[in-house]
Amino acid sequence: MRSIWNGAISFGLVSIPIKLVNATENHSVSFRQIHTADGGRIRYRKVCELEEKEIPAAEIGKAYEEADGSMIPITDEDLAALPLPTAKTIEIVAFVPASSIDPLQMDAAYYLSANGVPAAKPYTLLREALKRSEKVALAKFALRGRERLGMLRVVDDVIAMHGLLWPDEIRTPEGVAPESEVTVRDAELDLADALMDTLGEVDMESLHDDYREAVESMIAAKAEGGGALPETAGAERPGGKVIDLMAALEGSVRAAKEARGGDGDRVAEVTPIKTRKKAASGTGAGTARKSTSKQSSTKRSAAKPTAKSTVKSTSKSPKSPTDTAKPPSKKPPAKKTPAKKSTSKHAS
């Protein structure tokens with residue numbers, strides 16, 4: 001790997017010559033701007049506003065623009081003459097627990113490589129000291145015209161350095177959190193915990209950029225003659241606003257379990273609770289209560305047999321289910337009395 005910066009690590013009185021190497025790389029697909037009418041490439045040219053002509057890179061320098069628009073030229077010699085001890089040195093200033101570093105400060109990552117055979121011994125000493133202490137080193141270094149903050153830690157057998165933002169570069173999250181008061185029930189937290197446990201862990205190596213692969217497939221299809229574009233295999237997810245959080249959590253847990261079991265075709269759907277909508281209006285709530293009480297009274301009257309139906313079923317043998325459902329015949333009370341006596345006689 002090609003180094004982007006050469007310098008040394010200052011570890012007390014120990015100096016460790018190192019090379020700085022990028023630890024990450026960008027795999028995103030880049031595009032060019034074109035003229036849509038004829039496909040011509042659109043290019044940006046560096047033109048001097050005073051002479052109105054293009055200027056070569058060798059004649060382009062730096063300047064600081066003041067509030068009134070005037071320019072103050074700054075040369076590379078001016079920057080090199082600054083009394084900056086970290087110009088070619090990664091100066092370790094402290095050793096702290098890794099948990100004391102806010103992940104929001106994390107910036108670009110680099111590998112530090114020992115530069116030459118004499119640097120191998122002190123490099124290994126610092127690496128092993130970081131391992132045994134289980135701490136990270138805070139350092140200051142200068143790169144690309146500015147002083148930066150860095151964190152040194154061990155990755156496998158290599159010392160890696162993460163560029164850190166300065167504390168005053170982290171914005172406070174004012175106005176980001178929900179302003180209204182929200183109460184979360186224990187049952188909802190239990191379902192959220194169950195969902196987290198069901199999803200479990202993931203192998204980071206198995207994660208990949210689906211969007212980049214789709215873009216590359218599209219480009220390949222167009223390059224082959226502009227044929228049909230590959231169909232997207234992404235599963236459609238139900239849209240809209242979630243009405244019932246509990247139903248959404250339960251559906252998510254169910255879907256996650258099915259996916260873990262190999263049946264990941266079914267997608268959990270959220271069913272809104274309609275009774276909540278009725279309760280919002282006074283008329284709807286009254287109607288719901290009225291129909292509920294009416295159904296309950298109907299069930300109670302159907303479950304409780306009357307004396308007339310008992311007499312009829314006892315005195316006559318049932319012919320069919322329809323006969324038992326007929327209403328009691330309107331007979332004089334004098335004719336019903338023998339039926340009651342025969343009932344008691346059968347019972348004895």
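A residue is called buried when its relative accessible area is under 20%, exposed when that area is over 50%, and partly exposed in between, as judged with a 1.4 Å probe and protein chains only. By this scale Glu-128 is partly exposed, because its relative accessibility is 36%.

The structure described here is a predicted model, in which local features need pLDDT of at least 70, side-chain atom pairs count only at pLDDT 80 or more, and totals for chains, interfaces and linings use all residues. Residues are numbered from 1 along each chain as its sequence is written, and side-chain values use heavy atoms, with hydrogens and water left out.

## The chain as a whole

The secondary structure of the protein chain comprises ten helices and nine strands. Helices (H or I, at least four residues) and strands (E, at least two) are DSSP runs, numbered from the N terminus. Of the 348 residues in the protein chain, 17% are buried. The chain exposes about 27600 Å², and carbon and sulfur atoms supply 55% of that area; accessible areas come from the Shrake-Rupley method with a 1.4 Å probe, and for residues only the protein chains shown count as cover. A contact means heavy atoms within 4.5 Å. Among contacts between residues at least 6 apart in sequence, 60% join residues at least 24 apart.

Two strands are said to pair if DSSP finds at least two bridges between them. Strand β1 pairs with strand β2 (residues 14-22) in the antiparallel sense over eight bridges, and Ile-9 stands opposite Ile-16 in β2. The hairpin of β1 and β2 has two residues between the strands, and Gly-12 takes a positive phi near 65 degrees there. Strand β2 also pairs with strand β6 (residues 106-114), in the antiparallel sense over five bridges. Val-21 stands opposite Tyr-111 in β6. Val-21 and Arg-2 are 19 residues apart in sequence, and their C-alpha atoms are 6.4 Å apart in space. Arg-2 is found in the segment before β1 and is exposed, with a relative accessible area of 69%.

## An aromatic pair and a nonpolar patch

Rings of Phe, Tyr and Trp (its six-membered ring) form a pair if their centres lie within 6.5 Å; planes under 30 degrees apart count as stacked, over 60 as edge-to-face and the rest as tilted. By this rule there is one aromatic pair. The ring centres of Phe-11 and Phe-95 are 5.9 Å apart and the planes stand at 70 degrees, so the pair is edge-to-face. Phe-11 lies in strand β1 (residues 3-11) and Phe-95 in strand β5 (residues 89-96), so the pair ties together parts that are 84 residues apart in sequence. Phe-11 is partly exposed at 23% relative accessibility, and Phe-95 is partly exposed at 35%.

Leu-79, Leu-82 and Leu-84 make a nonpolar surface patch of about 230 Å². Patches are made of residues with over 30% relative accessible area and no salt bridge; like charges are joined within 9 Å, and nonpolar side chains (Val, Leu, Ile, Met, Phe, Trp, Tyr) within 5 Å. Leu-79 lies in helix α1 (residues 76-80) and is partly exposed at 37% relative accessibility.

## Salt bridges

Side chains of opposite charge can pair when their charged atoms come close. A salt bridge is a side-chain nitrogen of Lys or Arg within 4 Å of a carboxyl oxygen of Asp or Glu. A search of the whole structure finds nine salt bridges, including those in the table.

| Partners | N to O distance |
|---|---|
| Arg-127 and Glu-128 | 3.1 Å |
| Arg-185 and Glu-188 | 3.3 Å |
| Arg-212 and Glu-216 | 3.3 Å |

Arg-185 is partly exposed at 45%, whereas Glu-188 is buried at 10% relative accessible area. Arg-212 and Glu-216 are separated by about one helical turn, because they are four residues apart in helix α4 (residues 210-223). Salt bridges that share partners also join Arg-127, Glu-128, Lys-131 and Asp-157 into one network. Arg-127 lies in helix α2 (residues 120-133) and is buried at 14% relative accessibility. Leaving aside neighbours within four places in sequence, Arg-127 is in contact with Val-154, Asp-157, Val-158 and Ile-159.

Most residues other than glycine have a negative phi. Glu-134 has a positive phi, near 55 degrees, and its place is in the loop between α2 and β7 (136-143). Asp-156 also has a positive phi, near 60 degrees, in the loop between β8 (146-155) and β9 (158-164). Glu-134 is exposed at 69% relative accessibility, and Asp-156 is exposed at 68%.
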